[in-house]
Amino acid sequence: MARKTPVLIAGSGSAGIFAAAWLARCNIPFTLLEKRPGPMEMGQADGVQCRTVEIYESFGLAVEVLREAYHVLEVCFWGEDGAGGIERKSRAMDTQNGLSHMPHVILNQARMNALMLGEIERMRRGGDVEYGWEVKEVAVDDTKKDDPEVYCCKVVAEKDGKEHVFEAKYVLGCDGAHSTVRKSLGYTMEGDTTDTVWGVIDFYPQTDFPDIRRKCTIHSASGNILIIPREGGSLVRFYIQLPPGSRAKNVKLADLQDTARRIFAPYTMAFANTHVFWWSAYSIGQRLANHFHKDHRIFLTGDACHTHSPKAGQGMNVSLQDGYNLGWKLASVLLGISPPSILSTYITERSKTAADLIAFDRVFSQKFSSKEEEPGAFAKYFVESGRYTAGFTARYVDSLVTDRKGSSQALAACTVGMRFPSAQVVRYCDCKALQLQSVLRSDGRWRVIIFAGDINKLEDGKRLKRLADFLELLVQRFTPAGEDIDRLIEPIVVLRSLFATVKQEDIPGYFWPVTGKWRIRDLHKVYVDDEHYNAGHGHAYERYGVNPGVGAVVIVRPDQHVSKVTKIEDFEGIESFFTGCLIQRGSGVSSVSLL
């Protein structure tokens, strides 16, 4: 007899784990099948971009990441010194000021995955992560694919030499570059493989090179190297460009070591093989799957649909954001909160992101591998690419969940389609200084962020009260029966008042509702943009480009991307947006808890 599961996830890569995390948090059963006998012990990826750290923060895991990781604060650029050796040519900050409140760090993918798997285990809400399974075949029953309640996907998997059949509503192919799911669907990877061969080695170096604990690029007459210091204080990763004519399958550890010694001259670089933690060799390839889904029932994610070189540190980051994008949408559909049509937005959003990644990687790899035409050209390009490599350039197109055309973008510097940026604010109920983005937890909720101006001004106060009355009625139309009023759509108010002059009783009751097990008022939804006792002034209104006299409403998706920017008085536009992407109560809405 076939095993039934609402969602079957093939592979425990970063995309699969993040999709599973959403499902676990939203109390949706799933089955994750992994070929390995146990959790990943050592991943090849290690670069954790700022955006990824923000996402881990949204799951409550940033503290562990920041404590264990190497923090990348500076990049040094080395080149030929004119005498056959190398010298430091320039240095730069790794991440541009103001891009994020989180840093760029280095932490092994296995540890990153383990943190999220631990969170999934802690929630323990109907999800099963099973090891030792090899997925052999997937298919969709075309005659049933249009009924969202039907388990129309068939998955054949093998364990201990025996085949088993699973039936699922949805299947996620998160099984890597050699994806069985992709191959079973007959989809192919399209793109190029260059003749350039690179080696990668993790080891404990014995050297007098002064920047061994800094991220560095080295361009020398003997080749090129990218240095990535690793967590723990001593481990270092080298990406080494091997001489023309090298073939990845013939490369030996000694080849990497000899090439590195020549590149570092006149500095010494001694290798003790007992100090080598891991090494490999590969040819650069940039490929994209010709399809990302089958009937919006089977979806490809991560390396199963896009592959590229690892030097820009994008692989794990882009892959997990595939799962982060798809997971909340699947949860919304399976809970009856949103129509199945929102799943198509995963394709439009992430296929473009993947195509942009391939285009960037081609240019980045070419510039890294080529001899500079002018001094400092690569360093300049590296710095200019910082916003992309930090993870902040993805901008999603108009869809059911992103309304650029209907937005008044000039009201706020929160770009529709992009991730909601952060600024310091002061929480009114306890005077705690916080980054506003950190309030947007990955718990399945939409946010309506209201820049309401000065509540002590009569017109601003009346304007906020009118909006509160409207939202309270609107939100009740979509909130599942029996749930708290803020369970699906949470309001967040940012005032531009003097903190000491704000009175709780002047804040409309909708913004401090009675919620939770103990039925007490939630006072954690109102923030003030003002000077803090010991954290300074965040100047949030200035950073968000909001005129306090006009105000703004910013609707933010569960994955922290901005859906709409509009006027506080735009009741029709706010109602129209939510009517388009949420199912009204009484139309098949589930009462299953979101948290």
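Mentor: Residues are numbered from 1 along each chain as its sequence is written, and side-chain values use heavy atoms, leaving out hydrogens and water. In this predicted model, local features need pLDDT of at least 70 and side-chain atom pairs pLDDT 80 or more, whereas totals for chains, interfaces and linings use all residues.

Trainee: Are H8 and H9 roughly parallel or roughly antiparallel to each other?

Mentor: Helices are DSSP runs of H or I with at least four residues, numbered from the N terminus. The axes of H8 (residues 344-369) and H9 (residues 377-384) come within 10 Å and cross at roughly 155 degrees; axes are lines fitted to C-alpha atoms over the stretch in contact, with angles from 0 to 180 degrees between N-to-C directions. Angles under 35 degrees count as roughly parallel, over 145 as roughly antiparallel, 65 to 115 as roughly perpendicular and the rest as oblique. H8 and H9 are therefore roughly antiparallel.

Trainee: How is H1 oriented relative to H7?

Mentor: The axes of H1 (residues 14-25) and H7 (residues 315-334) approach within 7 Å and cross at roughly 30 degrees. The orientation of H1 to H7 is therefore roughly parallel.

Trainee: What area is buried between domain 1 and domain 2?

Mentor: An automatic or database assignment sets the domain bounds: domain 1 is 3-67 + 108-190 + 286-390 and domain 2 is 409-581. Carbon and sulfur atoms give 49% of the area here, which is about 1400 Å².

Note on methods:
Helices (H or I, at least four residues) and strands (E, at least two) are DSSP runs, numbered from the N terminus. Buried area is the accessible area (1.4 Å probe) that two parts lose on being put together, summed over both.
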